[in-house]
Amino acid sequence: MSDIAAFARVKRPVVSTWRRRHPDFPAAVSETSGRPLFDGAQVAEWLAASGLGNTAPAELRSELALFGLIALRERFTPWQLVETVGSLLCLRRLDGRSLVDPEAEAGDEALWAGILRRAERIDVEDEYVLRELRAIDASAAHADAAPLARLAEELVEAAYSEHGAYEWLLAARSRLGLDTLTADAVTPELRSLLGQLTDLPARLGEGRPVTLADPYARAGDLLAAVLADAEERDLLTVLAADPDDRLTRITRRRLLLAGVEELDLDVQTGTDLEERFADPDLVLTQLPYRPGEDRSVVAALTELERVAYLLRPGCTAVVLGPADALVDELKGTEAAQLRAALLRENIVESVIALPGGVLPFRPGYRPALWTLTRGPVPEASGKVLLADISAEPLTPHVSARLAEDVLLWRAEGLRRDGHDPRYGRVVPVADLDRAFRGSLTPPAPPLSVFWSTEVAERPALIAEAEARLERARAEASVYEQERGPYRGHVLRRVGALPPRTTLGKLVAARRVTRLSGHRVDAVHLAPDGHHTVLGSEEVIGERPVGGRRIDRLVLATEYERAALTEPGDIVYTLAPRLGVYVDHAGFSIVTFPARILRVNRDAARPLTPRVLAALLAAARGTARSPGAVRPARRIEDYQLPDLDPDEVLRFDALLAEAERRERLLRAQADALAEARRLTVAGLADGTLTVGSAPTHLTT
């Protein structure tokens, strides 16, 4: 059932709910150690027919084949699965026909023997498939190996091509247990940025042949990502190298299936590219990862220098490597001299500090990017574009604007028309040379910051915030004069304490009604809808109320049974901790796990929403210990004093008065915080200064 949850991309309890609520859910076909096992094809058909789950119908067949491969891990190692299935897909592409003849009733023995004969005939020099298929033939019976061919055929049928099937297989390598192939993977956002920086589609669009190279290819992830955006692959030649022979064969198969012709492809085992095959026009690579304890700044810069030597005039390289070598301040003289020599050679185009987390399996690794161009345009000669986005998430918007900065700098250099980089500063190499060993980070915010509308309007915005502060202070002063100072007239109780009750008893006596929240899809939420959405985050104060809203037409069409809150409803949550919020305006949507308490004003001993919310928030024993997964007690068991109706009214008036005064004070605090924030931001980036201060501001 956990596999079904992963298959459908839902949480594990959802599958139990499906089994309970849907009589047509597939029945278990067997049981292992008390765990029911299901037929994968039946589950896929049921998900496709019911429309449940988060897996697209087109992906169900591929996922089913991948689960079939995962089930074979008891017979084969992860390496055998990836290498053998990849070889079978490559054989299918080279041979131009299916692995399994649907019209032939061949058994496993005959099927596998036929596949081996085809491999020996087509891959005579053992460039792509023969070695792997012979190895699996020697280590497993034909009855075990033949199912791999059928699963490979199912992957092709689901993906519509051998290339798509192979990419799906490699995307699932962590699920297959092949962690060594996963460790160097980068996030899709970083792959997209690298593809934009290479600008390969535009180069191919000029109609001239392009040679793409990667001297540290590993499994070919970066090359495959760039090729995915290229269309004119008949103009493309690819060179690659890696010391691991297994990885070079994976990369060779991957590039062939991606559409690179055999005659235009050369992947070497070792550390050197076959430059006699073709001169690189574009280099895209990731420097080999080394743990921090063994990492050498000099070694990383030497590898970077080796990439630079591959470039002939007009060629470009995009290099991903460790930030402590590419960006940070250097301590050793040898490393500093090596980096300074690269800068003085006039080939460094840009240096970009990247955010952490873009290599998901190496969270402590800080990466950076260098782009190199041999023979830059005259306007860029002797200068370097320094950018630092290490504190920003690598969103598509950030990637697009950063790539535009680099590509414009590559094409036109320093422009005098006011188009300045939005994420970097252009710095002369001479300045960097004088700051020997210094870090390669922008010396100041980008010039676009100084000329942005937000910066230009800061003085006016600060003045507006100061005016709001003055108005709020005056309003609070008038209210203070009319109402006098705050006095709650709270006295020590004399006599017997009020009787105790619980929320459960109040619900049973119909003095309070409890209502459930609704499950709302996040895609239907927006900041500009008609109805406020209240969830746990709003109730406990982690998100401002009104930040999430939903359109009334979406609410009417997608959630026909959803009910709006009434003015005065109490919204509460117990996860992740107790939170209580009184929705005075009403007409909101409450999302699970938040729920609603509605006070019955016609009860014999009525409560008010403010009083009930205050008593619940102050109830004892409501906290959750650090290691507990459940609250200490249910909310129905919370004990409350059962106050007299007159005391409830006096308490409600006191709470209302406190809320009004709190709103007045908060308005002043918000205006003051806004003025302070804008002032600090302006002084920090150098766009504002403080004039002569009045006497009351001096210290």
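User: What should I know about the model before we start?
Analyst: The model is predicted, so local features need pLDDT of at least 70 and side-chain atom pairs count only at pLDDT 80 or more, while totals for chains, interfaces and linings use all residues. Residues are numbered from 1 along each chain as its sequence is written, and side-chain values use heavy atoms, with hydrogens and water left out.

User: OK, how many aromatic pairs are there?
Analyst: A search of the whole structure finds 4 aromatic pairs, where rings of Phe, Tyr and Trp (its six-membered ring) pair if their centres lie within 6.5 Å, and planes under 30 degrees apart count as stacked, over 60 as edge-to-face and the rest as tilted. One of them joins Phe25 and Phe38, an edge-to-face pair with 5.9 Å from centre to centre and 80° between the planes.

User: Where do those two, Phe25 and Phe38, sit?
Analyst: Phe25 lies in the loop between α2 (12-21) and β1 (30-32), and Phe38 in the loop between β2 (35-37) and α3 (40-50), so the pair ties together parts that are 13 residues apart in sequence. Helices (H or I, at least four residues) and strands (E, at least two) are DSSP runs, numbered from the N terminus.

User: Are Phe25 and Phe38 buried or exposed?
Analyst: Phe25 is buried, with a relative accessible area of 9%, and Phe38 is buried as well, at 15%. Buried means under 20% relative accessible area, exposed over 50%, and partly exposed in between (1.4 Å probe, protein chains only).

User: Which pair does Phe25 form with Trp46?
Analyst: Phe25 and Trp46 form an edge-to-face pair, 4.9 Å centre to centre with 70° between the planes. Trp46 is in helix α3 and Phe25 in the loop between α2 and β1, so this pair ties together parts that are 21 residues apart in sequence. Trp46 is buried, with a relative accessible area of 7%.

User: And which residues make up the cluster?
Analyst: Ring pairs link Trp18, Phe25, Phe38 and Trp46 into a cluster.

User: Changing topic, which residues gather in the patch of negative charge?
Analyst: On the surface, Glu231, Glu232, Asp234, Glu261 and Glu262 gather in such a patch. Patches are made of residues with over 30% relative accessible area and no salt bridge, with like charges joined within 9 Å and nonpolar side chains (Val, Leu, Ile, Met, Phe, Trp, Tyr) within 5 Å. A salt bridge is a side-chain nitrogen of Lys or Arg within 4 Å of a carboxyl oxygen of Asp or Glu.

User: Where is Glu261 found?
Analyst: Glu261 is in the loop between α14 (245-257) and β5 (265-269), and this residue is partly exposed, with a relative accessible area of 49%.

User: What about the backbone, which peptide bonds are cis?
Analyst: A cis peptide bond joins Ala575 and Pro576, with omega about 5°, and Pro576 lies in the loop between β17 (569-573) and β18 (579-583). The bond from Phe592 to Pro593 is also cis, with omega near 15°, and Pro593 is in the loop between β19 (589-590) and β20 (595-599).

Notes. Accessible areas come from the Shrake-Rupley method with a 1.4 Å probe; for residues, only the protein chains shown count as cover. Lys and Arg count as positive and Asp and Glu as negative; His and the chain ends are not counted. The place of a charge is taken as NZ of Lys, CZ of Arg, CG of Asp or CD of Glu.
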